[in-house]
Amino acid sequence: VERVSSFRFLGVHITEDLSWTLHTDTITNKARQRLFFLRRLRKFGMNASVLTNFYRCTIESLLTDCITVWYGNCSAHNRKSLQRLAKAAQHITGNCLPVIQDIFHRQCLRKAHSIIKDHSHPARR
């Protein structure tokens, strides 16, 4: 069996010490690249609803993918860089966008409710 320092599983970068810096750095860089296209759309005169829809589909979905797994244990520095991206997108779109922390809490609550409703879930035994 080969030992590796990190690997990617279902789109999430997992390191041997379970720090989420590699994962947050990776998605932050991808999101920054996508902010370029959001700026271009604004430059071309798209309205705020189109810009918000583009943000939610391409950037927010990237930032919040499997958020219940990694966000609770990532560092304050990583959380700040993620929120900085959301704030930049909010400035570009001109609309109020949800805070990453709020999305995390909402996803956790949704997951907890689905576990409570599922009588066959292993956590219910």
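## Helix 2 against helix 4

The model is predicted. In it, the crossing of helix 2 and helix 4 is right-handed. Two packed helices are described by the angle between their axes and the distance between the axes. Here helix 2 covers residues 48-63 and helix 4 covers residues 76-93, and the two pack at an angle of about 165 degrees with axes 10 Å apart. Angles over 145 degrees count as roughly antiparallel, so helix 2 and helix 4 are roughly antiparallel to each other.

On the helix 2 side, the contact is made by Ala-48, Leu-51, Thr-52, Tyr-55 and Leu-63. On the helix 4 side, the residues are Leu-82, Leu-85, Ala-86, Ala-89, Ile-92 and Thr-93. By type, the residues of this contact divide into 9 nonpolar and 2 polar, with no charged residue among them.

## Asn-78 in helix 4

Helix 4 also contains Asn-78. Is this residue buried or exposed? Buried means under 20% relative accessible area, and Asn-78 has a relative accessibility of 1%, so Asn-78 counts as buried.

The side chain of Asn-78 is joined to the side chain of Thr-21 by a polar contact of 3.4 Å. When neighbours within four places in sequence are left aside, the residues in contact with Asn-78 are Trp-20, Thr-21, Thr-24 and Asp-25.

## Arg-84 in helix 4

Arg-84 is another residue placed in helix 4. Its relative accessible area is 46%, which means that Arg-84 is partly exposed; the cut-off for exposed is over 50%.

Which distance separates the C-alpha atoms of Arg-84 and Thr-28? The separation is 9.7 Å, although Arg-84 and Thr-28 are 56 residues apart along the chain.

## The protein as a whole

The secondary structure comes to 5 helices and 2 strands.

The protein has 125 residues, of which 30% count as buried; Asn-78 is one of the buried residues. Taken along the principal axes, the C-alpha atoms fill a box of roughly 55 × 40 × 25 Å. Among contacts between residues at least 6 apart in sequence, 56% join residues at least 24 apart.

Notes: Residues are numbered from 1 along each chain as its sequence is written. This is a predicted model: local features need pLDDT of at least 70, side-chain atom pairs count only at pLDDT 80 or more; totals for chains, interfaces and linings use all residues. Side-chain values use heavy atoms; hydrogens and water are left out. Axes are lines fitted to C-alpha atoms, for helices over the stretch in contact, and angles run from 0 to 180 degrees between N-to-C directions. Helices (H or I, at least four residues) and strands (E, at least two) are DSSP runs, numbered from the N terminus. Angles under 35 degrees count as roughly parallel, over 145 as roughly antiparallel, 65 to 115 as roughly perpendicular and the rest as oblique. A crossing is left-handed if the near helix is turned anticlockwise from the far one by less than a right angle, and right-handed if clockwise. Contact means heavy atoms within 4.5 Å. Ala, Val, Leu, Ile, Met, Phe, Trp, Tyr, Cys and Pro count as nonpolar, Asp, Glu, Lys and Arg as charged, and the others, Gly among them, as polar. Buried means under 20% relative accessible area, exposed over 50%, partly exposed in between (1.4 Å probe, protein chains only). A polar contact is a pair of N or O atoms within 3.5 Å; within protein, one must be able to donate a hydrogen and the other to accept it, and residues adjacent in sequence count only if both atoms are side-chain atoms.
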